[in-house]
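My notes follow the nonpolar packing and then the strands.

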Amino acid sequence: MVPSVIFDGETLDACESLVAACRASGVTVGTAESCTGGLVASAITAIPGSSEAIRGGVVSYAIPVKREVLGVSNDILDAPGVGAVSSECAAAMAEGARRVLGCDVAVSITGIAGPGGEEPGKPVGTVWMGLSTPFSTQTFPNHFEGDRAEVRARAVRRALELLIQGVRDSAEKR
């Protein structure tokens, strides 16, 4: 049996906080997800009224989707030591999500959930996230311990924290 992520109370509470912040501010969000496979968008849409908050999500698990849908450049994807699991890719994914989804704030997640797939300098649990707002794009390195399901669940929670912060910051600067 393949383990799956079930959203716990902490994750759903974060989603409720995010949806409430979006509704109060009129800020919309979107996601660009690789190793989480759409789990962030799924968690958000589990909340009633989330249609006022989330514009959508792009599951860019495959490199061609990162390139063709989100606009991540070949210079990033093909560069030795950079590639799909990098700060540069996370930034480009978040910016691409804002563009294609027409949202105010977007989070991106790209990493190695395991159990295989590690690369030199990028062990299992390495997850880069990007946060793009109308005012800036930032990236965040993470290393999550645990099996595949745990890495993905921890990545979802961290992405929700980033979205909440991005919505609050954007609302303050409007």
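I looked up the largest nonpolar core in this predicted model and found that it has 35 residues. Leu18, Ile44, Ile109 and Leu163 are the residues with the most contacts inside this core. I then listed the elements that give two or more residues to the core: helix 1 (9–25), helix 2 (39–45), strand 3, strand 4 and helix 6 (148–173). Helix 6 gives the most, with 9 residues.

I next took Leu18 and left out residues up to four places away in sequence. Leu18 touches Val29, Ile44, Leu160, Leu163, Ile164 and Val167. Another core, of 15 residues, lies apart from the largest one; Ala32, Cys89, Ala97 and Cys103 are among its members.

I noted as background that nonpolar side chains tend to be buried together in soluble globular proteins.

I turned to strand 3 (residues 105–111) and asked how many of its residues are buried. The count is 7 of 7. I checked each side separately: Val105, Val107, Ile109 and Gly111 are buried on one side, and Ala106, Ser108 and Thr110 are buried on the other. Both faces of strand 3 are therefore covered, buried being under 20% relative accessible area.

Which strands pair with strand 3? Strand 1 (residues 29–33) runs parallel to strand 3 and is joined to it by 5 bridges; here Gly30 stands opposite Ala106. Strand 4 (residues 126–132) pairs with strand 3 in the antiparallel sense over 6 bridges. I recorded Val127 in strand 4 as the bridge partner of Gly111.

Technical notes
Residues numbered from 1 in each chain as written. Predicted model: local features only at pLDDT ≥ 70, side-chain atom pairs only at ≥ 80, totals over all residues. Heavy atoms only, no water. Buried < 20%, exposed > 50% of the residue type's maximum accessible area, 1.4 Å probe, protein only. Helix = DSSP H or I, 4+ residues; strand = E, 2+ residues; numbered from the N terminus. Pairing = 2+ DSSP bridges. Core = buried A, V, L, I, M, F, W, Y, C linked by side-chain atoms within 4.5 Å. Contact = heavy atoms within 4.5 Å.
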